[in-house]
Amino acid sequence: MSSPHVFDASDADFEVRVIERSRQVPVVVDFWAPWCGPCRTLGPLLERLADEHAGAFVLAKVNVDESPGLAQAFRVQSIPMVIGVRDGQLAGHFVGAQPEAGVRAFLADLLPSAGETEAARGAALLAAGRAAEAEEIFRQALADDPRADQALLGLATILAQRGEDDEALALLDRVAPGPQRAEA
């Protein structure tokens with residue numbers, strides 16, 4: 001593996017290389033073994049897509065023969081098995097070799113939407129005290145992705161600071177319940 005977007009992970013370093021790393025960038029984990037025929041098909045596809053996405057996600061390769069603890073922890077019963085990790089949490093998985101279209105659909109669900117990416121930019125502007133620019137970015141992010149929680153939260157914050165409480169509360173009502181990726 002000569003790609004900067006692909007690396008090996010093991011029982012010893014999984015927490016840092018995958019879980020902690022997923023707080024900065026989504027991580028796709030490929031559980032495989034050298035003797036697995038379908039793994040020899042799926043692995044190169046995942047590696048090619050990691051390079052094609054140029055850092056939008058990274059690919060961790062876990063050889064189940066060399067990392068039985070991880071295989072057991074993730075209840076790997078059949079390989080190849082692929083999981084997506086985002087913000088330190090399991091964000092999806094599939095088992096078995098998939099066609100390229102299926103893998104691309106998995107990645108589309110795992111990777112941040114354009115709205116989420118813009119919302120992160122808006123959050124950085126808001127943190128830098130540039131509320132007017134941040135508001136513009138948050139509004140554009142919500143036009144692109146009405147469910148971008150970070151944009152909803154950011155825009156609600158700006159509106160509340162201006163005393164526009166009703167509109168701020170209406171935005172907060174749209175935030176999805178549960179742990180928010182927006183805080184990552």
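The secondary structure of the protein comprises 8 helices and 5 strands. Helices (H or I, at least four residues) and strands (E, at least two) are DSSP runs, numbered from the N terminus. The model is predicted: local features need pLDDT of at least 70, side-chain atom pairs count only at pLDDT 80 or more, and totals for chains, interfaces and linings use all residues. Residues are numbered from 1 along each chain as its sequence is written, and side-chain values use heavy atoms, with hydrogens and water left out.

From the N terminus, the elements follow the order β-α-β-α-β-α-β-β-α-α-α-α-α. Along the principal axes, the C-alpha atoms fill a box of roughly 65 × 30 × 25 Å. Contact is defined as heavy atoms within 4.5 Å. Among contacts between residues at least 6 apart in sequence, 64% join residues at least 24 apart. Of the 184 residues, 43% count as buried. Here buried means under 20% relative accessible area, exposed over 50%, and partly exposed in between (1.4 Å probe, protein chains only).

The accessible surface comes to about 9700 Å². Carbon and sulfur atoms account for 53% of that surface. Areas come from the Shrake-Rupley method with a 1.4 Å probe; for residues, only the protein chains shown count as cover. The protein has 16 positive and 28 negative charges, and their mean positions are 3 Å apart. Lys and Arg count as positive and Asp and Glu as negative, whereas His and the chain ends are not counted. Each charge is placed at NZ of Lys, CZ of Arg, CG of Asp or CD of Glu.

In soluble globular proteins, nonpolar side chains tend to be buried together. A nonpolar core is taken as a set of buried Ala, Val, Leu, Ile, Met, Phe, Trp, Tyr and Cys residues joined through side-chain atoms within 4.5 Å. The largest such core has 23 residues. Phe14, Val18, Val29, Phe31 and Ile79 have the most contacts inside it. At least two residues of this core come from each of α1 (14-20), β2 (27-32), β3, α3 (68-73) and β4 (81-86). Apart from it lies another core, of 17 residues, including Ala134, Ile137, Ala156 and Val175.

Beyond its neighbours within four places in sequence, Phe31 is in contact with Val62, Val64, Leu70, Phe74, Val76, Ile79, Pro80, Met81 and Ile83. Asn63 lies in strand β3 (residues 58-63). Asn63 is buried, at 9% relative accessible area. The side chain of Asn63 reaches the backbone nitrogen of Asp65 at 2.9 Å. With neighbours within four places again set aside, Asn63 is in contact with Trp32, Ala33 and Pro34.

Ala151 is placed in helix α7 (residues 149-161). Ala151 counts as buried because its relative accessibility is 0%. Residues up to four places away not counted, Ala151 touches Ala119, Phe138, Ala141 and Leu142. Ile137 is 14 residues from Ala151 along the chain, and their C-alpha atoms are separated by 8.2 Å.

Most residues other than glycine have a negative phi, and most peptide bonds are trans. The peptide bond from Ile79 to Pro80 is cis, with omega near 0 degrees. Pro80 lies in the loop between α3 and β4. Arg75 also lies in the loop between α3 and β4. Phi of Arg75 is positive, about 55 degrees, although Arg75 is not a glycine. Arg75 is exposed, with a relative accessible area of 68%. Ala54 has a positive phi, near 45 degrees. Ala54 lies in the loop between α2 (37-52) and β3. At 56% relative accessible area, Ala54 is exposed.

Note on methods. Polar contact = N/O pair within 3.5 Å; in protein donor to acceptor, adjacent residues only side chain to side chain.
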